[in-house]
Amino acid sequence: MYRNIDWDAITIKNNFLFQETLRNKSLCKQLLERVLHIQVKTIRYMETEKTMKAQLSSKNTRLDVYVEDKDGNVADIEMQTTDTKSVINYDERDEKTIIRELPLRTRYYQNIIGTNMLRRGMHYRELRKAYVIFICTFDPFGAGLPVYHFTYRCKENDSLQMGDLTENIFLNVKAADKTDDEELAAFLRYVNGQKSDSSFTKKLDEEATRIKNNDDWRLKAMTLDMEIKDMKKREREKGKQESKIEIAKAMLADGMEIAKVAKLTKLSVKEVTALA
């Protein structure tokens, strides 16, 4: 079924290929070191592609590459693209919508990470650093910077940091030539579709090429893509159903007859009766 896909056209920008490539611990560590400018000795993978939520009633979400170092510090690395031409791509929103949502998604991801980091009975002091890193194939804030690095600071005194141990970083692959960090610039250029021009990006490209030529990975990628599409479809349908129920409740509260409410909301008479 997947033999008709042009797999050669798929690049590191593809979420599934990106996730699998960074399963290589050495490459993942090197990327973190280039982005965070810290030495990363060892990492362990949390549950990549894991569906996570802050609490039972919260929105489900999937983290691309979710790793922890030996000290318990956590990093979530996300590939963010609005390239609808990708063969395997389940994000159908436009770039403007993505840009508007990114800060809010970052806030939610940090909430999820914090909730999963702090187990029952643990003290807040046991929270460790949490990095959320977005690799964007567009300029997320429109200021032309290659890196946007955010920490909480005091509005009245910019030199005073809150110290909550969270950092949010957005990489702009379109501005690779605006950074003096050659290692980072090479990575940004590579993601942007230019030829690998550093030892790190060459290794990254070799690993990505090896993976996408693997039949097992191709089948896994297509299967996961279909699962995600089905999940999003179910979520949309659930949202529509919940909306109908809220409208039906309002109509009933206004004294409208059950049969008419059922007709207008397209709920069954039995469903509407249960709400009365």
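The legends below describe an overall view and several close-up views of one predicted protein model.

**Figure 1. The protein chain as a whole.** Residues are numbered from 1 along each chain as its sequence is written, and side-chain values use heavy atoms, with hydrogens and water left out. In this predicted model, local features need pLDDT of at least 70 and side-chain atom pairs count only at pLDDT 80 or more, while totals for chains, interfaces and linings use all residues. The protein chain has eight helices and eight strands, where helices (H or I, at least four residues) and strands (E, at least two) are DSSP runs numbered from the N terminus. Of its 276 residues, 44% are buried; buried means under 20% relative accessible area, exposed over 50%, and partly exposed in between (1.4 Å probe, protein chains only). Among contacts (heavy atoms within 4.5 Å) between residues at least 6 apart in sequence, 57% join residues at least 24 apart.

Figure 2. The structure holds two cavities of 30 Å³ or more, and about 90 Å³ of space lies in the largest cavity. A cavity is a set of points, on a 1 Å grid over the protein atoms alone, where a 1.4 Å probe fits but cannot get out, and lining residues have an atom within 4 Å of a point. Grid points are joined across faces, edges and corners, and a volume is the space filled by probe spheres set on the points. The lining of the largest cavity includes Leu32, Leu36, Val67, Glu68, Asp69, Val74, Ala75 and Tyr131. Helix 2 (25-36), strand 4 (65-69) and strand 5 (74-80) are the elements that give two or more residues to this lining, and strand 4 gives the most, with three residues.

**Figure 3. Two cysteines, Cys136 and Cys154.** Cys136 counts as buried because its relative accessibility is 0%, whereas Cys154, with a relative accessible area of 25%, is partly exposed. The structure holds zero disulfides, a disulfide being a pair of cysteine sulfur atoms within 2.5 Å.

**Figure 4. Glu207 and the residues that it touches.** Glu207 lies in helix 5, which spans residues 199-212. With a relative accessible area of 15%, Glu207 is buried. When residues up to four places away in sequence are not counted, Glu207 touches Thr21, Asn24 and Leu27.

Technical notes. On a 1 Å grid over the protein atoms alone, a cavity is a set of points where a 1.4 Å probe fits but cannot get out, and a pocket is an open set with protein on both sides within 12 Å along at least five of seven lines; lining residues have an atom within 4 Å of a point.
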